[in-house]
Structures are given as structure tokens and as C-alpha cells.
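Hi,

Here is the structure I said I would pass on.

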Amino acid sequence: MPFRQEPPALGNQYLDDRVLRSYLRRALPREVLAEVEPELEDLGGLAGGELYRMQLTDRLDEPRLVRWDAWGARVDAVEITPLWRAAERLAAERGLVALPYERRHGPHSRVHQAALAHLFTPATDIYSCPLAMTDGAARTLLSSDNRALAGRVVPHLTSRDPAQFWTSGQWMTEQTGGSDVGLSETVARRDAEGRWRLSGQKWFTSAVSSQVALTLARPEGNPPGGRGLALFLVETRDREGRLRNITFERLKDKLGTRKVPTAELTLEGTPAELVRGTTDGVRHIAPMLNVTRLWNGISAAALMRRGMALARDYARKRVAFGAPLSEKPLHADTLAGLQAEAEAAFHLAFRTAELVGLEEAGGASEEQSRLLRLVTPLMKLTTARQAVAVTSEVLEAFGGAGYVEDTGLPVLLRDAQVLPIWEGTTNVLALDALRAAGRGGEALDCLKRELETCAREARDARLAPARAAALSAFEHAESWLARASAEGPTNVEVGARRFALTLGRAYALALLARHAQWSLEHERDPRAAAAARRFAAAGVNLIADADAEDARILMGDT
Ligand code: MFK
């Protein structure tokens, strides 16, 4: 028989996930865990079974923009893939958006949702994108005090009935940019009946098949910048299913997330409802940004986990130079480094979900709310970069097979690459983190106290290097900020990315070490501690005392 390589396989993605299960045992009260575990196990079975098979067979299918039907009628429909249709139903039935609003488990409802999303995301071709935006829209509408609008729309966004469930888009990006949203050119005017109508172009509108979208537009006469924008809700179609003065110009030809129908849209007098006031649209849409950034982090951890599940299974099956790769010290060492990154990212993302859940249930202290404002951008930017690095290495762990499309592996890297880009790039979020840290320095103090608490709890001698690395990285970041601030704003900005990544990695390590202590004591499991030591050795402190002048010299023309 000629040699045939056995492909990697996935088991039950909940039962096989040591990190998720161990975390949930610590983070959830026993009765809550007992209640949620059967559905996690069920979704884990689907994720490693039927949904994975669909992903592999449906690999080449992509959404299509259908402008006309066979008889010449204009339809402007976006046909989504079979897996996306299945994911839509599954998401509604399992309450992937509904859970934090039903709040059956009080402050733990966000963790419950995050655990389901962790299993769902890598199994459904980034259907988490519309779910993230839908969740963000529900949160934004509920915090808007526009009871009439929230009362009409939120029950659809949070419905468990697939026939009633709506998703929401988030139409912010225009040709002027996705980062500096204040440059938006879409104009809002009142018509003769006093109804708002929007005109302009939206350049990157994800999941355009949604029933509603939150968007920004400038009421005529308003000043430039983010303050002059207002937040609107658009219902995309009328009762007959026709688009409401919206033209789908084309679908984007993207590197990854190719199952997500992202479009360019033209709005020509599109009816819209004001969500909240006629100004301060950027501030008013911020709740949505923070929710989608949480989803981004959960998705980053989840994609790393999927890559590791495949790479570890393959390492046991693939024999080279006389032994399975899993028995080769260098291969095992490489995977251990990736596992440590994935594990630290997991704890950072789930700690953020805990804080969001506390705040939503009214149980967050002022300290925890401040911490959350700083941790959200830190978590998003840190985990997104980890996801790109880890999925890239995962591909390499398969050798040439990782570079061949029909193994289903390259899509992991292509999908991960969006995570540092959408919902705020690394640099934009680093500046946001500086802003959050800067206001009187209170948020930074909150983070310091949290790190110190984690370090105190991680008292086992085996965790000493992790404790030391987390604390010393934080201290270096703190002293760098004080020094750079004294030197002037350019020096602060030039180091913002290194500062934010150092804080993000230090916090991820401290959380991992704290969990490792629990796992040593309650599970007699040394693996989380090994991950913490490995992560500590990989480099936490990225502060370089480079200054703005060096950047100017290096990047200048002369
Ligand atoms: C897998 C799941 C992933 C989900 C995928 C969804 C796909 C969607 C595709 C996209 O839409 S990608 C485009 C996403 N775009 C962004 O995320 C925007 C990135 N840019 C920023 O975040 C900028 O920092 C920002 C646009 C907010 C800057 O705009 P401005 O006009 O300069 O606003 P400014 O002055 O910084 O902030 C205005 C107010 O909002 C301030 O409050 P005050 O008016 O009280 O001073 C800010 O403090 C507040 N603010 C800004 N960001 C905030 C925030 N408040 C809370 N949280 C935040 N994150």
C-alpha cells in the first residue's frame, strides 16, 4: 500500500478543551456549571462533528450578490452559504445573543455566552461577526433611553425563535476611513414628513444580510468631527422585502472572512430613526464598539484553540524521522509555546467577559468599571495579534499541508488576520488605551491592584517566574509612561503600541498564573502553571526606550 497521511480530526470541542473546562470550574458556581454544561457539551459535539464536516465540504462556497431574478425583477439579495444559514438558526436557538439579556445566571451570563461563542465561532465560518454586531446593537439601544425603538427592535435581536431573530449591521466605515470615523460624509436630512433620510456611501459593511443596522450620519448643518455625527438605526427592507433606498454596489474581495458578506452600500434618502440626540454619534455608538471588541477577543482565543486542536492531533499522527511529531522534542517545544499564548489569551478574553457581565448585572464596583474601560482595548489588541502569530505557526506545524487550501488549514490564518484590523487596529486601540489610562491615572492604578492581587494569589513557588515577569513588565510600562509624558505627547504616542501590548501581556500572564494556582490546588494539574512559565519566558515586557527621534530618522526620506 502506498503511504497515505491520516488527516487531523476533531473530537468534542467542549470535552477536549482542558482550558475552557478548567476555567469554568473555577469561575462558575457549581449549580450554574451543572446547568450550562450539557448545552456546552452538545455544541462541542456539533463543532467537532457535523459543523466541521460542513466547513470542509462547503469550503469553496461563498456569498453571492444577486441583483436580478430570472424574470427581470430587481431583487438585490445576498445569498449566504448553507453553513451560515445553519449557524443563524443555531445561534438563535442557543441564545448566543439572547443570553446576556435574559441574564438567567446574573453576572455569569456573559461568561456563559462567551463559553458558547468560544465553541461556536471557529465552527461557523465567522458567523460570530453578525452576532457580535447584533449583541452590540442590543446593548447600544438599551443604553440609549430610546424606549420606543429599543422596545421594537431589541426583542428581535435577542429572540431565540429563528423566525423572529434579526441580526444588526454596524455601518461605520466610509471611504474617508474606518478608524477616523469623525470624517464620515453621510448626510442626514429631514423629509417633508419630518422623517430622517440618509445619503452617502458606506464602504465596508459587514454581514450586509442583516435586517437592521446602526450607522452614523451628519445632520445637515452639524459641525465636522465625531461630535457632529448622530447615531441612527436603519431597517434595511420594507414589508415587501425591498431594500429601502439602499444599493448594494458590490461585495468586497477580502483576504479572509470570505463567508461574511461584506458590501459597499450607497444610501440615497434611506429612511432612518435617530437613536439618541442629533450629535455625539461616536460617543453614542461606543457601547457597540466595546461589545464587538469583546467578541473579537473571544474569537481570537477560539481560533487559536481550533488551530491547536488540529495541530496537536496531527502531531500524534504524523510520523517523520522515525517517530510521531509529538515525540520530537523540537516540535513539542514549538507547540508548547503556541499553547501558552493561546492559554494566556483565553484568560484575558474571559476575564473581560466577567467584567462586562458584572457591569451589566449592576454588580461592578467603580474600580471594576474603570478597569474594564482600560482592559477592553488592551485585551482586543493583545489577543488579536496573538491569534495571527499562533495561527501562522499552526500552519507551519503542518509543513506544506498547512499551505494547501483543501486541508482547510490556511483559512485559519486568513480569518485571524482580520482580528487586529476591524473593530479598531492595534494602533487605534493603543491610543484608546492611553486615553483610558490617562484620565487621572485611576484606571492604570486599578490594573496595578488587579495584577498585584493575581500575583499574591499565585503563591506556588512554581509560579514565581510568572509573578515576577508580570509585575516587572507592568512597573516598566508605568515608569515609561511617566517619563514619556514628561518628554511630551509625541514620545507618548510613539511608544503607545509597545506600552499597550506590555500591559496586555502582563495582565494575561497574571490571570493565567492565578488560574494555574487554582488548577494546581483543585485539579492537581501542572499544565496551566507550565503555560504561565512558558509565557513569562516568551517576552512580556515589550517596552523599548526608543524615542520619537529614532522613528523620524528611520522613516524619513534622508
Ligand atoms: C468576531 C467579532 C468581530 C466583530 C466584527 C464586526 C465587523 C464590523 C466591521 C467594522 O465596522 S470595522 C470598523 C470599526 N471601527 C472602529 O472600531 C473605529 C475605530 N476608531 C476608534 O475607535 C476611534 O478611537 C474613534 C472613532 C472612537 C475616535 O473618534 P473621535 O471622533 O476622534 O472620537 P473621540 O473624541 O475620541 O471620542 C468621542 C467620545 O467617545 C469621547 O467621549 P466624550 O465625548 O465624553 O469625551 C470618548 O471618550 C468616547 N469613546 C471613544 N471610544 C470609546 C469611548 N467611550 C467608551 N468606549 C470606547 N471604546
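I'll start with a loop: Arg103 sits in the stretch between α5 (99-102) and α6 (109-120). Before going further, please keep in mind that this is a predicted model.

Thr257 is not a glycine either, yet it has a positive phi of about 40°. You'll find Thr257 in the loop between β8 (246-251) and β9 (263-274). Is Thr257 buried or exposed? With a relative accessible area of 4%, Thr257 is under the 20% limit, so it is classed as buried.

Now for the ligand. How many residues surround it? The count is 29, and the closest are Arg227, Arg283, Asn290, Arg293 and Arg435. Sorted by class, the shell around the ligand has 11 polar, 10 nonpolar and eight charged residues.

If you want to see where the shell comes from, look at α7 (128-142), α9 (281-317) and α13 (426-438), each of which supplies at least two of its residues. The helix that gives the most is α9, with nine residues.

- Asn290 has a side-chain N or O atom 2.9 Å from a nitrogen atom of the ligand.
- Arg293 places a polar side-chain atom 2.9 Å from an oxygen atom of the ligand.
- Arg373 has a polar side-chain atom 3.5 Å from a nitrogen atom of the ligand.

As for cover, the ligand on its own has 1,200 Å² of accessible area, and the protein covers 83% of that.

One last spot, back towards the start of the chain. Arg21 belongs to helix α1 (residues 18-27). Which residues does Arg21 touch, leaving aside those up to four places away in sequence? They are Tyr14, Leu15 and Glu37. Arg21 and Glu37 are 16 residues apart in sequence, and their C-alpha atoms are 9.3 Å apart in space. Arg21 has a relative accessible area of 22%, so it falls between the 20% and 50% cut-offs and counts as partly exposed.

That's what I have for now.

Cheers

Definitions and conventions
Residues are numbered from 1 along each chain as its sequence is written. This is a predicted model: local features need pLDDT of at least 70, side-chain atom pairs count only at pLDDT 80 or more; totals for chains, interfaces and linings use all residues. Side-chain values use heavy atoms; hydrogens and water are left out. A residue is near a molecule or strand if one of its heavy atoms lies within 4 Å of it. A polar contact is a pair of N or O atoms within 3.5 Å; within protein, one must be able to donate a hydrogen and the other to accept it, and residues adjacent in sequence count only if both atoms are side-chain atoms. Accessible areas come from the Shrake-Rupley method with a 1.4 Å probe; for residues, only the protein chains shown count as cover. Helices (H or I, at least four residues) and strands (E, at least two) are DSSP runs, numbered from the N terminus. Ala, Val, Leu, Ile, Met, Phe, Trp, Tyr, Cys and Pro count as nonpolar, Asp, Glu, Lys and Arg as charged, and the others, Gly among them, as polar. Buried means under 20% relative accessible area, exposed over 50%, partly exposed in between (1.4 Å probe, protein chains only). Contact means heavy atoms within 4.5 Å.
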